Amino acid sequence: AHSFNGHSRQWNVAHNPQYMKAIKEESSFWEQEELTPANQYNEYIMTALRTKWGVDSATLLAKYSEQAINFEKIAEKYRNEGLMEKNEEAYILSAKGKLLADAIMADFFVD
C-alpha cells in the first residue's frame, strides 16, 4: 500500500526482514518519493477516481488548473459513454466505469 499527501508518495519497505529490523532499530521503515507537478496530478486522479467521492471539481481547478480543461474534455467523452458521472461537486466513475477504471485513469494522465 502507498500513501499520497499531495506532494509525495510513501510506502513501507517491501522486504520483511529489513522492515522488521528497521522497526526494532527505530529507524525508517518506509521509503518516500517526492513527486513532480505532473506526477502529483496523476496521483490525485488515480487515487480520487478510486473513491466514492471522485475527482473534486474545486480541487481540480485550484490545484491543477492547467490540466483541468483537458480533464473535463476527456471526462465528457466518458460521461457520454456512460462510464463517468458528474454531480455538483465531483466527477465519479459509474458502475460500468469502475470495471474499466485503470484504462480510464490512464487516459487522464499527463507526462
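Let's start at one end of a strand pairing: Asn12 stands opposite Trp30 in E3. This is a predicted model, in which local features need pLDDT of at least 70 and side-chain atom pairs count only at pLDDT 80 or more, while totals for chains, interfaces and linings use all residues. Residues are numbered from 1 along each chain as its sequence is written, and side-chain values use heavy atoms, with hydrogens and water left out.

E2 and strand E3 (residues 30–34) run antiparallel and are joined by five bridges; here Ser8 stands opposite Glu34. Helices (H or I, at least four residues) and strands (E, at least two) are DSSP runs, numbered from the N terminus, and two strands pair if DSSP finds at least two bridges between them. On to strand E1 (residues 2–4), which is antiparallel to strand E2 (residues 8–12) and joined to E2 by three bridges. Ser3 has Gln10 in E2 as its bridge partner. Three residues lie between the strands of the E1 and E2 hairpin, where Gly6 takes a positive phi near 100 degrees.

Together, the three strands make an open sheet in the order E1-E2-E3, with antiparallel pairing. E1 and E3 stand at the edges with a single partner strand each, so one side of each has no neighbour in the sheet. On average, neighbouring strands of this sheet are turned by 20 degrees against each other, direction ignored (axes are lines fitted to C-alpha atoms, for helices over the stretch in contact, and angles run from 0 to 180 degrees between N-to-C directions).

## A salt-bridge network around Arg9

The whole structure holds five salt bridges, each a side-chain nitrogen of Lys or Arg within 4 Å of a carboxyl oxygen of Asp or Glu. Arg9, Glu33 and Glu43 are linked in a network of them. Glu33 pairs with Arg9, the closest N and O atoms being 2.5 Å apart; this pair links strand E3 to strand E2 across 24 residues.

Arg9 also meets Glu43 in a salt bridge (2.8 Å, N to O). That pair links strand E2 to helix H2 (residues 37–49), 34 residues apart. How buried or exposed are these residues? Arg9 is buried at 18% relative accessible area, and Glu43 is buried at 6%, whereas Glu33 is partly exposed at 30% (buried means under 20%, exposed over 50%, partly exposed in between, with a 1.4 Å probe and protein chains only).

## A bridge between two helices

Lys77 and Asp107 meet through their side chains in another salt bridge (3.1 Å, N to O). Lys77 lies in helix H4 (residues 65–80) and Asp107 in helix H6 (residues 101–108), so the pair ties together parts 30 residues apart in sequence. Lys77 is partly exposed at 37% relative accessibility, and Asp107 is partly exposed at 32%.
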